[in-house]
Amino acid sequence: AAPTRSWVPATVSSAAHLHRLPHAAAEGWGSEIMTVDVAKGKMLLDSTRYKFLDLRDAKAYDMEHLTKPARCSVSVPFVTDRAAFIAAARKAVASMGTPLLVADAAGAGEAMTAAQWLGDAGYQEVLVVQGGYTGWRERYTTSGRNT
């Protein structure tokens, strides 16, 4: 059986908003991926050094992305080529110690795969945003205000 990843990020004061979801571990660091609801994700983004890793395609990102806090959002479009995706992620977020909130367009599963790959590549704190970018935007504007 694959080992499970049981850490809770040190910057998360309460695990109440974190959830473990089963995910088939291909070669991975575990069979569970940590997820976070939008409200807790927003708190982490505002009060810690988390980066919002936006997996949507470049056109969608250019049309709209999170702008506050400043420089909190980075675009790394999801691709199914694992090596190419990790290379793009390392270019966008060089430090493996930078904690990441990972979001695809609508929480359809790309973020789960990306999180596993990022963990396998050595990123130390990776949380998947439940509902993806769409879920985030249903609650907050791009500048972080409530909708």
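Ground rules. Numbering starts from 1 along each chain as its sequence is written, and side-chain values use heavy atoms, with hydrogens and water left out. As a predicted model, local features need pLDDT of at least 70, side-chain atom pairs count only at pLDDT 80 or more, and totals for chains, interfaces and linings use all residues.

Start with the largest nonpolar core. By that I mean buried Ala, Val, Leu, Ile, Met, Phe, Trp, Tyr and Cys residues joined through side-chain atoms within 4.5 Å. Buried is under 20% relative accessible area, exposed over 50%, partly exposed in between, with a 1.4 Å probe and protein chains only. This core has 22 residues; Leu53, Leu55, Phe85, Leu100, Val102, Leu118 and Tyr123 touch the most other members. Helix 4 gives the largest share, 7 residues. A second, separate core has 16 residues, including Leu44 and Tyr140.

Now helix 4. Helices are DSSP runs of H or I, at least four residues, and strands are E runs of at least two, numbered from the N terminus. Trp117 and Leu118 are among them. Gly122 follows helix 4, with a positive phi near 115°.

Last, helix packing. The axes, lines fitted to C-alpha atoms over the stretch in contact, with angles from 0 to 180 degrees between N-to-C directions, come within 10 Å for helix 1 and helix 5 and cross at roughly 85°. Val38, Ala39, Gly41, Lys42 and Leu45 in helix 1 meet Gly135, Trp136 and Arg139 in helix 5, contact being heavy atoms within 4.5 Å.
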